[in-house]
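Have a look at the structure first, then read on.

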Amino acid sequence: MKRGVSHLNVFRKTLRLYPSLHKTSCIPHSFKKQHQPSFTNKNIDIHTKTTHQTPPLKCTPHKRTIQPFVLTQSHLATLNNTTLTQHKRFISTSQQNVNTNPNPLNQPNVETPHTISFIDKYCSPWMIPYLRLIRIDRPIGTWLLFWPGCWSIAIAAQAGGLPNLALLATFGIGSIVMRGAGCTINDMADSEFDKKVERTRTRPLASGLITHKQAIRFLAIQLSIGLCILLSLNVPSILLGASSLFFVVTYPFMKRITWYPQAFLGLTFNWGALLGYTAVTGDFNLPVVLPLYVAGFCWTMVYDTIYAHMDKKDDIFLGVRSTALKFGQYNKPILSLFAIGTISFLALSGFNAHQTLPFYLSLVVESAHLFWQVFTVNLENGSDSMKKFVSNKVFGAIVFFGIVLSTLFKLKNSKSNNSDSSSNSSYI
């Protein structure tokens, strides 16, 4: 108790000698308020009985300023020596500080671009930005580009036979390459927009991990590979495939000049429906191929409009156009019409190709799947919109296997018809 009193006396004497301490933050506010002296800054010397001015004691708290972490070329050069965990912390920290204009509408980040995928586990660090640029870890776009070509190859197969497996493999590689080229062109055109959107601002071009010059060189490599794949097909297919390059290049700019960029995506993504049949047969069967192409177009209008709803708030802020904004409150009725168009034109193409019962049974399942998407999707919920969008790879697979089973069933029908005709002839 006496020790506590002695410490209190020391504090009191200190305050008397240095009253300027009351103006600093070194003494607790509660103590200063309790022991506030009643005299001025002038103190009396005990021995000389004179007054003198006490020099003020400077006691200012240390102010520590934290500089923002800025992404530079020297940091990029050290990526090869960093671990996977350090690499992800580096990207997330840099983007939080470099981007000064976060999403103004707080849209949830549906894409979750930094989830660990196979490219983070098995690829070198210098490859990761390029693989993310072509969305190799998000294959849904590749599936949506691949399926219309598969439909066309399957519907061109001979009765009782399977589709050409070599052509399917060729179209699969081509879908990966050309979808990557489309993503590169799209990100180059939208890099400034992507910086301001929560879902896309960590993409390699928007975040600065890849420069535009590097992206152009990478695009040239992709287009060269795509040209080699195209040259492996027959001459009509080469001419038809080369004509699709116009849509590939112009699509990323359509959102600036029209309310219907999804329509241009439909024209681009379903070009394989025209190309596959020609690659198998060498000719262009218009009654079969054209309805198949229109069916794919209507299908694209459904899934890409659902996809556009995830970005519609940012699109309003940035002045970007889409069918999600154009259709407004009539989104679901219009999408229902496109779903009906998809099934109708698929049925017309199958009818002209003399498809059998499995094909028409698959149309029932496809109809249920499409209308499940349209009527159950919550267009205000980005996660639910993404779920419905991704489910379209299942729709494409249902159409494909329905055509394959129907083509195999053609042989049984032909055999039964032949047996019936032979029995009738023997009876006569």
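**One serine, then the rings**

Ser-362 sits in helix H21 (residues 357–376); helices here are DSSP runs of H or I, at least four residues long, numbered from the N terminus. Keep in mind that this is a predicted model, where local features need pLDDT of at least 70, side-chain atom pairs count only at pLDDT 80 or more, and totals for chains, interfaces and linings use all residues. Residues are numbered from 1 along each chain as its sequence is written, and side-chain values use heavy atoms, with hydrogens and water left out.

**Around Ser-362**

- Ser-362 has 8% relative accessibility, so it counts as buried (under 20% relative accessible area; exposed is over 50%, partly exposed in between, with a 1.4 Å probe and protein chains only).
- A polar atom of the Ser-362 side chain lies 2.5 Å from the backbone oxygen of Phe-359.
- Not counting residues up to four places away in sequence, Ser-362 touches Ile-398 and Gly-402 (contact means heavy atoms within 4.5 Å).

**Aromatic rings**

- There are 16 aromatic pairs, meaning rings of Phe, Tyr and Trp (its six-membered ring) with centres within 6.5 Å; planes under 30 degrees apart are stacked, over 60 edge-to-face, and the rest tilted.
- Phe-246 and Phe-247 are edge-to-face, because their ring centres are 5.4 Å apart and their planes are at 75°.
- Phe-246 is exposed at 53% relative accessibility, while Phe-247 is buried at 17%.
- Trp-299 and Phe-395 make a tilted pair, 5.3 Å centre to centre with 35° between the planes.
- Trp-299 is in helix H17 and Phe-395 in helix H23 (residues 392–427), 96 residues apart, and both are buried.

Conventions
Helix = DSSP H or I, 4+ residues; strand = E, 2+ residues; numbered from the N terminus. Polar contact = N/O pair within 3.5 Å; in protein donor to acceptor, adjacent residues only side chain to side chain.
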